[in-house]
Amino acid sequence: MSQDHCPSTRQSSQMPSVGHVEDTVGQYSYTEVSSFQVSEGNTRNMSPEPVKTGRIFMAAVAANLSAFVVGTCLGWTSPVAPKLKAEDTSDSPLDRPITSDEDAWISSLIAIGALMAPFVAGPLADRIGRKWVLLSSSLFFVLAFGINMGASEVWILYLSRLIQGFGVGFVMTVQPMYVGEISTDNVRGATGSLMQLFIVAGILYVYAIGPFVSYMALQWCCIVVPIIFDVVFYFMPESPHYFAGKGRKTDALRSLQFLRGQSAEGVHDEMAEIQSSVEEAMASKGTIMDLFKNPGNRKALFICAGLISFQQLSGINVVLFNSQSIFASANTGLDPAIATIIIGCVQVASSGLTPIVADRLGRKVMLLTSASVMTVGLTALGAFFYMQLVVGDISSVVWMPVPALVIYNIVYCTGFGPLPWAVLGEMFPANIKSSASSIVASTCWTLGFLVTYFYPALDALGSYYAFWLFAGFMVVAFFFVLFVVMETKGLSLQEIQDRLNSKSN
């Protein structure tokens, strides 16, 4: 689960031709030579072909349909938990209500699957390709929702959530890799931000449908999404970086031509750079020990692991998994299903604005704002539940839960939601980025599991304890960002490495 350049027009006066492209009966025939280069004469006579960025976005959106599926899994428990807890089991696959402990396991087991999956998905992406790993993630989702339909025992739901977690881990490991590799520099920020947007859109999908349809109908609504993803994404090209790494130069060239909407001559410079960068990365492959031997890498790992830890300690998974139950407990008079749909809409809108705001204000400012405002929202929510459970009079604060969670979600989706992943993509050199991503992803899902599993125990003591604890973590997060995190806005990857290693300009 990590996130992660395409050259501008360059001079190529010493570069012989990559090959010829001949149109034969509507098909392209490629004649390869030893390297991806072009002759001086061709360069002089050709004006640069424009890149058709619409094709990049088309492939990125198709890939991000997998992130939409992830969102359906993350939001699934919010409408389903009330059905499973109800004394009336007519709309539950079980013959009895689930206990609070069983509810905790159903909510949290997805994190265990997602924790293990990156160590399989990463190597598999290098072996069979990014595209086929993403397509195969749908097998986990379809199987899980199918199991849900016949889940007559609680342990079957446990198994389903574990399998969903494997699918989530596959997507969040490989999807950012694919999107980063197909994008040009000038659109990589925009395409990279689509993942957060599609995840919250998937969450909104189940928030909006789940409360108003039967348990079985919801499973059908969810199972159709990964099937649609596979049908659409099947027609998209594999990453040209993967093909180049496998020595499949003609396939790499064809993929890049499709993504850029250019001729073979038009993409030759970029293809040459991709080939060069892939060969360099393969020659200087780093190991996991390089993360700890180098002071700059240690500092980067501390920053990234810290940010992802505070992301989970903000209580976001509690909010996602239990939104409907939270509003039901708040007893505000607003239909809990409607309240969670409001939250979902807020998340989608906020995630859509994030790239614009973050690029203008910088990562550090947005993280500081996110931590401070989330502290206020969580403190207010805790105060509401304290007055409800201890004081017994909520007449003066009955309005508080909805705006508190709305504000919380806005600043999460513009700060601690997407930015820790963006920082992760910037902090490490290419040869150890996959190792760093695996460690940070493991940290993310381990804490995600612990927070989600132990929330019901805290909730039984009093909901206000949980929300005040999350608020306390956000206070610590504020000072962590203020004194430890470095601003990366406007810095090249090399400049970031120089600063991490305390090198002067």
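Let me begin with confidence. The mean pLDDT of the protein is 81, and 83% of the residues score at least 70. Of its elements, helix 9, residues 215-233, has the highest mean, 96, while strand 2, residues 27-32, has the lowest, 40. Across residues 1-45 pLDDT stays under 50, although the model has 95 contacts beyond four places in sequence for that stretch. Where pLDDT is low, the predicted coordinates should not be read in detail.

I turn now to the cores. The largest nonpolar core comprises 129 residues, and Phe 416, Met 427 and Phe 428 have the most contacts inside it. Helix 7, residues 154-182, supplies the largest share of this core, with twelve residues. Domain 1 (51-236) and domain 2 (286-504) each contribute at least three residues to this core. Apart from it there is another core, of eleven residues, including Phe 243, Ala 252, Leu 253 and Leu 256. As for Phe 428, its contacts beyond four places in sequence include Leu 291, Leu 301, Cys 304 and Gln 497.

Next, the aromatic rings. The whole structure holds 25 aromatic pairs. One of them, Tyr 408 with Tyr 412, is stacked, at 6.4 Å centre to centre with 10° between the planes. Both tyrosines belong to helix 18, residues 401-416, and are four residues apart, about one turn of the helix. Tyr 408 and Tyr 412 are both buried. Elsewhere, ring pairs join Phe 384, Phe 385, Tyr 455, Phe 467 and Phe 470 in a cluster.

Finally, charges over rings. The charged end of Arg 55 sits over the ring of Phe 258, 5.3 Å from its centre. Lys 131 lies over the face of Trp 132, at 6.0 Å from the ring centre.

How values were computed:
Residues are numbered from 1 along each chain as its sequence is written. This is a predicted model: local features need pLDDT of at least 70, side-chain atom pairs count only at pLDDT 80 or more; totals for chains, interfaces and linings use all residues. Side-chain values use heavy atoms; hydrogens and water are left out. A nonpolar core is a set of buried Ala, Val, Leu, Ile, Met, Phe, Trp, Tyr and Cys residues joined through side-chain atoms within 4.5 Å. Buried means under 20% relative accessible area, exposed over 50%, partly exposed in between (1.4 Å probe, protein chains only). Helices (H or I, at least four residues) and strands (E, at least two) are DSSP runs, numbered from the N terminus. Domain bounds come from an automatic or database domain assignment. Contact means heavy atoms within 4.5 Å. pLDDT is the predictor's confidence in each residue, from 0 to 100. Rings of Phe, Tyr and Trp (its six-membered ring) pair if their centres lie within 6.5 Å; planes under 30 degrees apart count as stacked, over 60 as edge-to-face and the rest as tilted. A charge sits over a ring if NZ of Lys or CZ of Arg is within 6 Å of the ring centre and within 35 degrees of the ring normal.
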